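Thank you for making time this morning.

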Amino acid sequence: MDPSWTGGVTRMAVLTGAGISTDSGIPDYRGPEGLWTRNPTLVKAFTYGSFMADAEVRAALWRSYADHPAWTAEPNTAHRALATLERGGPAVRILTQNVDGLHQRAGSSPRKVLELHGSIRETVCTGCGARTPTRTGGARTPTRTGGACTPARTGGDPGDRRCPDCGGVLKPAVVMFGEHLDAATVGLAERIASHSDLMLVIGSSLQVEPVASLCATAVNGGARLVIVNRDPTPYDDLATAVLREPIATAVPRICTALTTVPA
Ligand SMILES: [Zn+2]
């Protein structure tokens, strides 16, 4: 391998998508084994309008969350290699489309990880905006919360969840269809991208905006763009390098090259 593009990198942004977590047993969304492919009704549950309108839809979503593989998944070699960069490579910020929290579990500093689409580990009240740890509810998953959120006790579907303070509908703090990304988070991601020497994209098909256009932001700011993804992306033509090999081998090798570049 000729990692010429790994030379001279002092600040890098890493944009990760579902592809980095499939090796940890978390399915992607639209692939052959994807979440939406296997259970199309969940698309409705992940659409803000139908979620807010229908207590049964909300209950279905919370049930699916109780079984979400992210609660028990372990970070894989790619997550760990990226975390290692913090201790001997360029300054690195991770911009992730994933909601599984595996970068942090792998050892990346939480302040270095921007969760562009939110996190399943947090629940937000649509009434008062209060945020609490997500209560998984299912017997199969460990309790990870202080139990601040309780299901509605009166009326509606017993699986629906309401805010104990204001009675508002609780939803996972993830960006649903029909919702905008947090503007401050996107703004920070754009600043990080535009100030990087290298933008490394891992396991994202770069189909979802505004996240995908962070690649153009980085290139316009002078960064090299390197894409590691199984399938072609709309940004391949902008890239210095496109790698189709498995993430599990490509990412550790890239990280090693970035940490062994002579000073
Ligand atoms: Zn509330």
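This is a predicted model: local features need pLDDT of at least 70, side-chain atom pairs count only at pLDDT 80 or more; totals for chains, interfaces and linings use all residues.

Let me start with the open sheet of six strands, whose order runs β3-β2-β1-β9-β10-β11 and whose pairing is parallel. The edges are taken by β3 and by β11, which spans 241-243, and because each of these has a single partner strand, one side of each is left without a neighbour in the sheet. If we ignore direction, neighbouring strands here are turned against each other by 15° on average.

Helix α7, residues 183-194, lies across β1, β2, β3 and β9, and runs at about 140° to β3. Its twelve residues reach 16 Å from the first C-alpha to the last, which is close to the 16 Å expected at 1.5 Å a residue. Which residues of α7 are buried? They are Val186, Gly187, Ala189, Ile192 and Ala193, and the elements that cover the buried residues of α7 include β1, β2, β3, β9 and also α8, at 214-220.

For a view from within the sheet, consider Val14, which has its place in strand β1. Its relative accessible area is 0%, and as the cut-off for buried is under 20%, Val14 therefore counts as buried. Beyond its neighbours within four places in sequence, Val14 is in contact with Leu82, Val92, Arg93, Ile94, Leu95, Leu200 and Ile202. One of these, Ile94, is 80 residues away in sequence, yet the two C-alpha atoms are 4.7 Å apart in space.

Finally, we come to His117, where UniProt, in an unreviewed entry, places the feature "active site". His117 is found in the loop between β3, 113-115, and β4, 118-125. Leaving aside neighbours within four places in sequence, its contacts include Thr96, Gln97, Val99, Ala173, Val174, Val175, Leu181, Val208 and Val211. With one of them, Gln97, there is a polar contact as well, in which the side chain of His117 reaches the backbone oxygen at 3.3 Å.

Note on methods
Residues are numbered from 1 along each chain as its sequence is written. Side-chain values use heavy atoms; hydrogens and water are left out. UniProt positions are given in the numbering used here, feature names are shortened, and annotations may be inferred rather than shown by experiment. Helices (H or I, at least four residues) and strands (E, at least two) are DSSP runs, numbered from the N terminus. Contact means heavy atoms within 4.5 Å. A polar contact is a pair of N or O atoms within 3.5 Å; within protein, one must be able to donate a hydrogen and the other to accept it, and residues adjacent in sequence count only if both atoms are side-chain atoms. Two strands pair if DSSP finds at least two bridges between them. Axes are lines fitted to C-alpha atoms, for helices over the stretch in contact, and angles run from 0 to 180 degrees between N-to-C directions. The expected span of a helix is 1.5 Å times one less than its number of residues. Buried means under 20% relative accessible area, exposed over 50%, partly exposed in between (1.4 Å probe, protein chains only).
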